[in-house]
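Subject: Structure handover

Hi,

Here is the structure for you to look at. My notes on the packing follow below it.

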Amino acid sequence: MSNTQARVPLKARHVSFSWDGTPLHWVPGDPFTTHTINVLHLLLPAGERWFVRVYKQALPLIRDDRLREDVIGFIGQEAVHSQAHDEVLPHLRELGLDPTPYTAQVDWFFEKLLGDRTLPPGRPRRWWLLERVALIAAIEHYTAFLGNWVLNAGELDRRGADPVMLDLLRWHGAEEVEHRSVAFELFEHLDGSYRRRVRTWATAFTALVFLWQRGARFFMANDPTLTDGRATFRDFYDRGRQGVLPGTGDMLRSIPRYLSRAYHPSQEGDTEQALAYLAASPAATAAERRAA
Ligand SMILES: [Fe+2]
Ligand SMILES: [Fe+2]
């Protein structure tokens, strides 16, 4: 692992992707892996829009110029991530897979359950903001984990996975690795309570597992090419062993790392690898050329 890279200001890369040539099962012959990863397109548009809304409320509380700059860069990156995943959904509809029933639930989850409640100003409102900042730090532990995983998931290439989808996942994953310290540092700066870290980790982990397995089941059940599409834990475990999904053991081992009092996200992933991917990514390099 290498994280010795000098600090680079975070910038949003305004990528765009053309989905015309991407098949329904973009991991050839493997609808389960395809749809398990497709759940990202269901969760991230609403989830990352929620990150942005919460962080805009947190900005005035930041008393450190460098951290404020990082949070602004983070907001810019997450806004593009949310949009890029959202733009996959019309393509799925064209292929006969309408995600609206599921995304409506996800929107409710982030906008209503985790949204701005009508709390009185002062302590209750601050408590709810800190709670959500801590939830985002826990979720970002997993986005960095997944980003690091997908950057190294060579088995997806060997199985002929669609290169445009892989570029979306790896551009996003690389930016998750690039900005992986921001959410935790913001949480530490505003609060840092260990009890809150543990409590919000448990909430975030439970919600992610629940939403993910529901999303995978939803896609498998509604895939127009499958007559009896199911998604089981055994399928997930087996694909993890094959290297086309994250390994169950790796995911379990990441839990005590986040809950360690010595945790810092810089110990996870590899910044140089992420930046090297971004320097070669077709979408990110095209975005650079357009911005120049
Ligand atoms: Fe993201
Ligand atoms: Fe992120």
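The largest nonpolar core has 38 residues. Val133, Ile136, Ala137 and Ala138 have the most contacts inside it. Keep in mind that this is a predicted model.

Which elements give two or more residues to this core? They are helices H1 (31–58), H2 (65–86), H5 (123–151), H8 (182–190) and H9 (194–222). H1 gives the most, with 13 residues.

Leaving out residues up to four places away in sequence, Ile136 touches Phe51, Val54 and Ala183. Another core lies apart from the largest one. That other core has 26 residues, including Val150, Ala161, Ala283 and Ala284.

Next, the pairing of H5 with H8. Their axes are 8 Å apart, and the two helices pack at an angle of about 150 degrees. Angles over 145 degrees count as roughly antiparallel, so H5 is roughly antiparallel to H8. The crossing of H5 past H8 is left-handed.

Which residues make the contact?
- From H5: Leu130, Val133, Ala134, Ile136, Ala137 and Glu140.
- From H8: Ala183, Phe184, Leu186, Phe187 and Leu190.

Sorted by class, the contact of H5 with H8 has 10 nonpolar residues, 1 charged residue and no polar ones.

Best wishes

Conventions:
Residues numbered from 1 in each chain as written. Chains lettered and ligands numbered in written order. Predicted model: local features only at pLDDT ≥ 70, side-chain atom pairs only at ≥ 80, totals over all residues. Core = buried A, V, L, I, M, F, W, Y, C linked by C-beta atoms within 7 Å. Buried ≥ 20, exposed ≤ 12 C-beta atoms within 10 Å, placed from the backbone. Helix = DSSP H or I, 4+ residues; strand = E, 2+ residues; numbered from the N terminus. Contact = placed C-beta atoms within 7 Å. Axes fitted to C-alpha atoms, helices over the stretch in contact; angles between N-to-C directions. Parallel < 35°, antiparallel > 145°, perpendicular 65-115°, else oblique. Left-handed = near helix turned anticlockwise from the far one by under 90°. Nonpolar A, V, L, I, M, F, W, Y, C, P; charged D, E, K, R; others polar.
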